[in-house]
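My entries follow in the order in which I looked.

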Amino acid sequence: MTFQEEILRRRTFAIISHPDAGKTTLTEKLLLYGGAIHVAGAVKSNKIRKTATSDWMEIEKQRGISVATSVMGFEYNDYKINILDTPGHQDFAEDTFRTLTAVDSVIIVIDAAKGVETQTRRLMQVCRMRKTPVMVFVNKMDREGKDPFDLLDEIEAELGIHVTPLSWPINSGQRFKGVYNIFQHTLDLYTPDKTHVTESIRYDDVNNPEIDSLVGGQDADKLRQDLELITEVYPEFTVSNTAGYLSGDLAPVFFGSALNTFGVKELLECFVQIAPSPRPVSTEEREVKPEEQQFTGFVFKIHANMDPNHRSCIAFVKICSGKFERNVYYQHVRLNQKMRFSAPTAFMAQKKETVDEAYAGDIIGLPDTGNFKIGDTLTSGEILHFKGLPSFSPEMFKYIENADPMKQKQLDKGVNQLMDEGVAQLFVNQATGRKIIGTVGQLQFEVIQYRLEHEYNARCKWEPLQMYKACWIEPDPDAPAEAAEELRLFKQRKSQYLAFDKEGRDVFLADSAYLLQMAQNDYKHIRFHFTSEF
Ligand code: G4P
């Protein structure tokens with residue numbers, strides 16, 4: 001296989017959902033089709049049991065086990081598929097945001113009864129920002145669900161994306177009879193069965209009376225009416241016309257039941273045909289194309305080893321172009337240092353194994369002892385800085401204080417390293433110099449405190465801080481003179497609300513939505529952003 005073909009056959013994506021919609025179940029069924037596992041129930045994934053939410057040690061243990069399932073690679077019909085797992089627990093949403101920067105497309109799972117839920121909405125914002133192509137799988141059709149047309153309306157409205165159904169359900173719950181697969185022109189009949197693939201029968205003409213005998217006259221008529229409406233309302237979608245999908249404007253929708261392995265194969269078959277192979281990636285210097293011969297990649301995730309005796313991590317690198325080879329020297333751009341890796345790992349199904357080479361689109365794990373931080377770039381020699389790993393405004397904030405005056409150095413070192421790993425974000429108040437840690441969930445504060453103590457021999461304590469959002473501020477480039485003056489005034493008057501982020505950028509700490517609104521009204525030439533890249 002040529003170098004070019006290797007890259008074109010790769011499909012690197014993530015499945016995202018609100019907890020419990022069926023992400024783990026769908027992942028497992030995809031792996032079954034890929035022959036990567038042979039029995040259902042084999043994927044333990046990083047699903048965190050709800051009962052354990054207060055016990056973060058337990059959660060970290062589960063996350064530790066899940067390193068191997070962070071990336072699941074498998075082969076299907078000559079395609080090399082890489083599924084990137086995302087933590088189900090919402091306190092690790094930041095991890096998920098970063099994982100989304102390393103995928104070329106996304107499948108969103110939605111529970112047919114619950115519709116679009118909070119977590120899905122938040123994750124979709126990131127996809128929209130990056131224009132990630134999205135497919136939707138409406139799951140749990142074996143249960144009573146919402147009306148499918150209503151669901152499509154909800155997805156469009158809540159997720160801000162156009163949709164087009166590629167399969168259509170015949171009832172749901174007890175009366176669920178299957179789907180008509182618009183993409184393949186087949187009638188897929190439903191038999192509740194957790195281990196076997198259902199049969200599908202090809203009908204190019206939905207008026208074929210055989211359909212009546214299979215699903216009943218009434219349901220067959222309803223199906224025909226629905227399909228007619230679909231043709232009128234939703235854009236046509238074919239393999240040769242995927243522009244809307246690829247630009248992130250249009251999401252094809254499938255209906256099924258992951259638990260019953262129903263509709264999964266159809267989803268997968270459509271996915272491999274339409275989902276993009278690795279896409280070009282922007283750097284500050286230039287756009288990098290996957291088929292370039294020279295290797296480039298960036299670190300999007302660092303997984304720490306929870307064993308304090310081995311402060312080793314795995315840095316997850318997305319290969320953006322070329323071919324990565326074991327034991328070859330590469331440029332670590334930030335450190336300006338050549339490095340080679342004798343034990344890079346690839347992730348096939350649930351096994352982690354040393355690899356000799358990997359291609360654009362693949363994810364490799366590099367054992368690390370503190371050389372990497374999130375966003376680092378590795379190249380064959382060129383000086384490049386990948387963009388698109390923004391920080392998002394945290395949801396919770398606390399002052400971090402030193403609880404052991406003899407250990408200030410240890411504390412500073414620990415906090416810096418944990419921030420580099422992406423555990424949370426550090427802000428320093430510009431007026432007082434006090435350090436503020438921002439997270440997306442309560443759990444991270446406990447994680448930080450524990451790890452500081454056990455890995456850095458430092459003790460911290462938290463002080464409450466009422467805060468709404470951290471906003472990165474920018475003078476309006478269209479009115480530079482007014483903006484500069486406003487910014488000067490703003491900084492003068494709001495100095496107690498200003499902080500530096502880890503890169504030294506100005507951040508406005510708004511303690512309420514009202515205060516932010518006021519600031520936006522009063523300072524029209526300053527832009528307030530909830531992410532660090534704009
Ligand atoms: P998640 O990773 O998105 O959090 O969801 P997961 O796949 O773990 O699924 C959540 C629950 O929904 C599981 O039940 C799972 O069996 C069930 N489920 C997934 N797909 C379907 C489906 O198509 N139909 C129905 N009826 N249920 C589905 P659980 O009882 O929470 O866990 P378990 O004990 O079955 O593992």
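**Charges over rings**

I found the charged end of R434 over the ring of Y399, 3.7 Å from the ring centre. I count a charge as over a ring if NZ of Lys or CZ of Arg is within 6 Å of the ring centre and within 35 degrees of the ring normal. K301 also has its charged end over a ring, that of F316, at 5.3 Å from the centre.

I note that this is a predicted model, in which local features need pLDDT of at least 70, side-chain atom pairs count only at pLDDT 80 or more, and totals for chains, interfaces and linings use all residues. Residues are numbered from 1 along each chain as its sequence is written, and side-chain values use heavy atoms, with hydrogens and water left out.

**Aromatic pairs**

I searched the whole structure and got 24 aromatic pairs. Rings of Phe, Tyr and Trp (its six-membered ring) pair if their centres lie within 6.5 Å; planes under 30 degrees apart are stacked, over 60 edge-to-face, and the rest tilted.

F97 and F392 make a tilted pair, because their ring centres are 4.5 Å apart and their planes stand at 50°. I placed F97 in helix α4 (residues 93–100) and F392 in the loop between β23 (377–379) and β24 (396–402), 295 residues apart in the chain. Helices (H or I, at least four residues) and strands (E, at least two) are DSSP runs, numbered from the N terminus. F97 is buried at 6% relative accessible area, and F392 is buried at 10%. Buried means under 20% relative accessible area, exposed over 50%, and partly exposed in between (1.4 Å probe, protein chains only).

I then looked at Y190 and F262, an edge-to-face pair with 5.3 Å centre to centre and 85° between the planes. Y190 lies in the loop between β9 (186–189) and β10 (200–202), and F262 in the loop between β11 (250–255) and α10 (264–274), 72 residues apart. Both Y190 and F262 are buried.

I also logged one aromatic cluster made up of F295, F324, Y330, F341 and F372.

I followed β9 and β10, which pair in the antiparallel sense over three bridges. D188 stands opposite S200 in β10.

**Helix α14**

In helix α14 (residues 513–522) I found L515, L516 and A519 buried. The buried residues of α14 fall within an arc of 100° seen down the axis, so they line one face of the helix. The arc is that of the directions from the helix axis to the C-beta atoms.

D20 is in the loop between β1 (10–17) and α2 (23–33) and is partly exposed at 38% relative accessibility. D78 is in the loop between β2 (71–76) and β3 (79–84) and is exposed at 64%.

Methods
Pairing = 2+ DSSP bridges.
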